[in-house]
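The sequence and the model come first, and the description follows.

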Amino acid sequence: MGLAEVQSRIASIEQKIASLNNNGVPPVALTESSSASAAGFSSQLAAQVASALGVSSTGDTVSDSSTYPQGSSEAFVQQVRKYMGVPYVWGGTDPDKGLDCSGLVQTAAQKIGVTVPRVTWDQQNFGEEIPSVESARPGDIFITRAGAHVVVYVGNGKVIHAPKPGEVVQEASVEDIGPIKTIRRLMPNASEVQARGGVSTSNTLASQMSVAQATQLLSAMSGTQGLGASSSAVNGLGTGTSSNLTSSGLPLANLSNLSLAGAF
């Protein structure tokens, strides 16, 4: 290997370290006293890891022509759209016969490999609570009618739902669905799934670590402690967290080598 090639590889590694360290700017507020919600912290952490891996983050739209990973919120929205026009049937879970509001959510989720409770009274407590419509992203569900109805947010101020007997699964505007009791995030988005190596779980990487642990991990990944620091940092997080990281679909080996990803 010539000197020029060695220098080129070193430069590539340094660029990757700089991207992981956000060029010296803290990417998220990593303090235990931060007022940011767990949902916001989780999304920001996942977005940073996804960016380092060269994965595009999702926007407020889901393309029907794109291919999204199984178990992602975008794949969920695509599946929900396939049921547009299906008649409303109370208690329905068979698209060939009819769906009710919660049956639409459960059936579409099952098709992409995500298990969701059957009725709205359980769906309203499932997943991660999102604080506002402004924080919602495509694939989140809105519980309305004091817990008796559920709709799927599909972006750009629109939802899809099975409204009532005599109607079909259809799109509506958020402002037309009435008061929202709670907003729930049932699954990760495509960027979060890909950042974990294409494996979808109901919990994000960030939600399995305390803020302090995530701070330690990000500090190691930034390269400030050297290229080998990531592995030792992960080992220092404790066996519970280490096993959670592995089971989440992001192997520990990926974390220790992340700063070198794409450099060779």
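Contact here means heavy atoms within 4.5 Å. Helices (H or I, at least four residues) and strands (E, at least two) are DSSP runs, numbered from the N terminus. Axes are lines fitted to C-alpha atoms, for helices over the stretch in contact, and angles run from 0 to 180 degrees between N-to-C directions.

## Basis of the model

This is a predicted model, in which local features need pLDDT of at least 70 and side-chain atom pairs count only at pLDDT 80 or more, while totals for chains, interfaces and linings use all residues. Residues are numbered from 1 along each chain as its sequence is written, and side-chain values use heavy atoms, with hydrogens and water left out.

## Overall content

The protein has ten helices and eight strands. Of its 264 residues, 46% are buried, where buried means under 20% relative accessible area, exposed over 50% and partly exposed in between (1.4 Å probe, protein chains only). Among contacts in the protein with a separation of 6 or more, 61% are between residues 24 or more positions apart.

## The sheet

Six strands make up an open sheet in the order S3-S8-S4-S5-S6-S7, with antiparallel pairing. Its edge strands are S3 (128–130) and S7 (170–173), each of which pairs on one side only. From one strand to the next the twist averages 40°. Two strands count as paired if DSSP finds at least two bridges between them. Strands of a sheet pair through backbone hydrogen bonds, either parallel or antiparallel.

Strand S8 (residues 180–185) pairs with strand S4 (residues 141–144) in the antiparallel sense over four bridges; Ile141 has Arg184 of S8 as its bridge partner. S8 also pairs with S3, again in the antiparallel sense, over three bridges. In that pairing, Ile183 in S8 is the bridge partner of Ile130.

## Strand S4 and its hairpin

S4 and S5 run antiparallel and are joined by four bridges, with Phe142 opposite Val151 in S5. The two strands form a hairpin with four residues between them. In the turn, Arg145 has a positive phi of about 50°.

In a regular strand the side chains alternate between the two faces of the sheet. In S4, Ile141 and Ile143 point one way, and Phe142 and Thr144 point the other way. All of these residues are buried.

## Helices across the sheet

Helix H3 (residues 73–82) lies across S4, strand S5 (149–155) and strand S6 (158–161), and runs at about 115° to S5. Helix H4 (residues 101–111) lies across S4, S5 and S6 as well, but runs at about 50° to S5.

H3 is largely enclosed by the rest of the structure, because eight of its ten residues are buried. These are Ser73, Glu74, Ala75, Phe76, Val77, Gln78, Gln79 and Val80. They pack against H4, S4, S5, S6 and helix H6 (190–195).

H4 is mostly covered, with nine of its eleven residues buried. The buried residues are Cys101, Ser102, Gly103, Leu104, Val105, Gln106, Thr107, Ala108 and Ala109. Gln110 also lies in H4; its relative accessible area is 48%, so Gln110 is partly exposed. After H4 comes Gly113, with a positive phi near 90°.

## The H3–H4 contact

Two packed helices are described by the angle between their axes and the distance between the axes. The axes of H3 and H4 come within 9 Å and cross at roughly 125°. H3 and H4 are therefore oblique to each other; angles under 35 degrees count as roughly parallel, over 145 as roughly antiparallel, 65 to 115 as roughly perpendicular and the rest as oblique. The crossing of H3 past H4 is right-handed. A crossing is left-handed if the near helix is turned anticlockwise from the far one by less than a right angle, and right-handed if clockwise.

On the H3 side, Phe76, Gln79 and Val80 make the contact, and on the H4 side Leu104, Val105, Ala108, Ala109 and Lys111. By class, the contact has six nonpolar, one polar and one charged residues. Ala, Val, Leu, Ile, Met, Phe, Trp, Tyr, Cys and Pro count as nonpolar, Asp, Glu, Lys and Arg as charged, and the others, Gly among them, as polar. The C-alpha atoms of Phe76 and Gln110 are separated by 9.1 Å, and the two residues are 34 residues apart along the chain.
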